[in-house]
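Please keep the sequence and the 3D view open while you read this note. Take the points in order and find each residue as it comes up.

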Amino acid sequence: MSETTSTNEENKLPLNGRRAIPPNYSNDEENDVPEMEAFGLIPRGFNPRDYLRVVDIYMFKEPQEINKREHHTDKYYNPKLIVRRGQAFQIQIDFNRPYRPEADQFWLEYLMGRYPQQNKGTYIPIVVGSALKPGQWGAKIIHRENNSIRLSIMSSTTCIIGKFRLYVAVLTPFGILRTRRNSATDTYILFNPWCKLDAVYLDDEKEREEYVLNDVGIVFHGNVEDIKSRSWSYGQFEENVLDACLFLMDKAELELSGRGNPIKICRVASAVINSRDDNGVIAGSWNNTYDYGVAPSAWTGSVDILLEYYSSKQPVRYGQCWVFAGVFNTFLRCLGIPARLITNYSSAHDNNANLRLDFFLDDEGKVDTKLTKDSVWNYHCWNEAWMTRPDLPVGFGGWQVVDGTPQETSDGMYRCGPASVQAIKHGHVCFQFDAPFVYAEVNSDIFYTRMEKNGTQVVENIDTTRIGVLIVTKEVGADGMMDITEEYKFREGSDEERLALETAVMYGVKKQSMQDTTYQPQTDVDMDFQAQKAVLGNDFKVTITFRNKSRNSYTANTYLSGNIVFYTGVTKREFKKHSFTAKLEPSSSSSFDIVIKSSEYMSDLLEQASFHFFVTARINETGKILAVQKATMLEIPSLRIKTKGEQVAGKEMSVIVEFTNPLKQTLENVMLRLEGPGVLRTIKKQFGRIPMNSTLTWEVKCIPMRPGLRKLIASLSSDALRHVYGELDVQIQKP
């Protein structure tokens, strides 16, 4: 039998010796529900038409009707009923004759998946009662008129999230009569941050409007000395996005019965957002070549990515951290989990989670790129999702870190979180999931270590303040930046910070103590490094300043290394080497300028126009080494967006995008994208080339659908220039 298969195997359940029912992880699959379920032999004279029969079911599912308004789901471009759990909604049933409670008996059935079971929450029979209990399934009649009744239905606060099929069942003496399968009565049930009994309850209305209902956001990038921001369209209400998000849970093979739990949903989603090990949504690429795909910087929002994945079922190319975080944010907000996108500046990617990033120096004090494995990301984006954590001790609910960017494996897969922000702050990294990794991202120290010829390591310098220096998110109700560093860590150098660190070490975060290392720094000379703000394509200067606080004269052999880097801190190429000897007079400061020419960096520049400078100086008189490193970025010109004509919902208007090429070269393979949730779906246009100093103009006609304040977002991508953005707020009037 093992080699051959019989034809009737198709119809049999795929059983194995361990479970009676196969795994149930598709919200899309269905079972056949009989319209007549007989109790035994049916007598010859039986006519189902003699009994109470459902003629029609009315769902009140239009955006302006009571259900979607009261459940805050009126923004979804979806014709079906969408409600939030733990909150009553209404439907109307029209029968073939007036309903008589003393004689007629009917009930509702909500089903999900192919093998509905009551104990798994995928088969929910609801009998009509006299009162609704908060947080429990139930139904009561609130209005009767002629042949119709109106029901108020309450769903459970722990109900599964997803799409349910609805049947109405009527009891007759000989069997159960059911309504025919009708997809128009399908009901989506989502998480409910407005309901006190829901695990994702958030008590502030302004925060709910931002973290659940806002469909655009801000991504902060750049570096801590030069913070840049750009808009991102989450588009969680756009057509088919809800179905695409439910499909992600099918793809991740999350059992339907586990889909009422936001912890499980976040954990599996953080794996399926990236394509490593499960063919998930986005393929990451950090090497500046994006063949057969879209450069990460060119995306303006999540909708195109999710819909392409939903239709092709193949990873979408390409993403980097803010793309993973943007799509993850859409997924969470779409399902009703409050979520926000976080940026951590100077984020440690510590390969062995020992709270120590090692930068190895050679004899001359230059960084040895072969030995140095750890890296500091200029910034790294992740998400926070809001939920209770009944699996942890009291006090660790609230914001949880979840990260869809593939960095390290967790339980054998590339995923991260949910990790309690509160637990990270206090060093309680023993609590699941992945808290030690996140703790290291915001708390590591940088060790500059010199390798002696005999293999011993000498620590020349330790920087304890650079990592996790600033953690931010978009502010509530506005486009500014909110500093949330204090939610992740205590003030640098405070007693509480030391206690949190000792707690983390006690719970197994590896940290080498200072006693293990021979480390006597040079304390009487400070070295600082500044870079002048500069526009892409121009020369600029950098300045190294020494402050000699001692009464001695010193000479310092100084070495500057300028590197073109990925925003992850990984070097592509060293483009500038400069050595000089600095004379340091007693009790005085001296500054040294070095000019960086555009011809030195333009040929190899990467898309985020990011440089990384290492400066090391050896004090000849003492043999000690001073070291400092700094990331700097060039200003990238932006796109200009204008509108023409009236801005009224339902009327045609024009959007004009302009860009002037600032480089001393022609831009080749120029691609423009423009989108605005509620105004226009993403439009792309290819332009062959833009000669230097010439201006490109692109006019797009569109008909905005929704009144209110909307945002237009545009991006330009080309071979030599990327990360070019523009945005415009437009007030769409009511017709």
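The points below go from the whole chain to single residues.

1. Overall picture. This is a predicted model. The chain has 735 residues, and buried residues make up 55% of them. Its C-alpha trace spans about 115 × 65 × 60 Å along the principal axes. The secondary structure comes to 11 helices and 40 strands.

2. Domains. The chain is divided into four parts: domain 1 (36-190), domain 2 (211-507), domain 3 (525-635) and domain 4 (640-732). Start by finding domain 1 and domain 4. Their C-alpha centres lie 47 Å apart.

3. The largest nonpolar core. This core has 66 residues. Leu242, Leu248, Trp322, Phe331, Leu332 and Leu335 touch the most other members. Which helix gives the largest share of this core? Helix α6 (residues 321-335) does, with 11 residues. The core lies between domain 1 (36-190) and domain 2 (211-507), because both give residues to it.

4. Cysteines. How many disulfides does the model have? The count comes to 0. Two cysteines show how the rule works. The sulfur nearest to that of Cys321 belongs to Cys381, and it is 4.1 Å away. A disulfide needs the two sulfur atoms within 2.5 Å, so Cys321 is in no disulfide. Cys334 is a second case. Its nearest cysteine sulfur, that of Cys245, is 4.0 Å away. By the cut-off of 2.5 Å, Cys334 is therefore in no disulfide either.

5. Buried or exposed? Check Cys321 and Cys334 again, this time for accessibility. Cys321 has a relative accessibility of 0%, so it counts as buried. Cys334 is buried as well, because its relative accessible area is 0%. The cut-off for buried is under 20%.

6. Helix α8. Look at residues 435-443, which form helix α8. Why is this helix described as largely enclosed by the rest of the structure? Because 8 of its 9 residues are buried. They are Ala435, Phe437, Val438, Tyr439, Ala440, Glu441, Val442 and Asn443. Note that Glu441, a charged residue by type, is on that buried list.

7. The largest pocket. About 590 Å³ of space lies in it. It is lined by 29 residues. Closest to its centre are Asp463, Met527, Ala627, Val628 and Gln629. The largest share comes from β33, with 7 residues.

8. How do the lining residues divide by type? There are 14 nonpolar, 8 polar and 7 charged. Where does the pocket lie? It lies between domain 2 (211-507) and domain 3 (525-635), because both give residues to the lining.

9. A glutamate to locate. Glu207 lies in helix α2 (residues 205-213). Its relative accessible area is 25%, so Glu207 is partly exposed. Now find Gly678. Glu207 and Gly678 are 471 residues apart along the chain. Their C-alpha atoms are separated by 21 Å.

Definitions and conventions. Residues are numbered from 1 along each chain as its sequence is written. This is a predicted model: local features need pLDDT of at least 70, side-chain atom pairs count only at pLDDT 80 or more; totals for chains, interfaces and linings use all residues. Side-chain values use heavy atoms; hydrogens and water are left out. Buried means under 20% relative accessible area, exposed over 50%, partly exposed in between (1.4 Å probe, protein chains only). On a 1 Å grid over the protein atoms alone, a cavity is a set of points where a 1.4 Å probe fits but cannot get out, and a pocket is an open set with protein on both sides within 12 Å along at least five of seven lines; lining residues have an atom within 4 Å of a point. Grid points are joined across faces, edges and corners, and a volume is the space filled by probe spheres set on the points. Helices (H or I, at least four residues) and strands (E, at least two) are DSSP runs, numbered from the N terminus. Domain bounds come from an automatic or database domain assignment. A nonpolar core is a set of buried Ala, Val, Leu, Ile, Met, Phe, Trp, Tyr and Cys residues joined through side-chain atoms within 4.5 Å.
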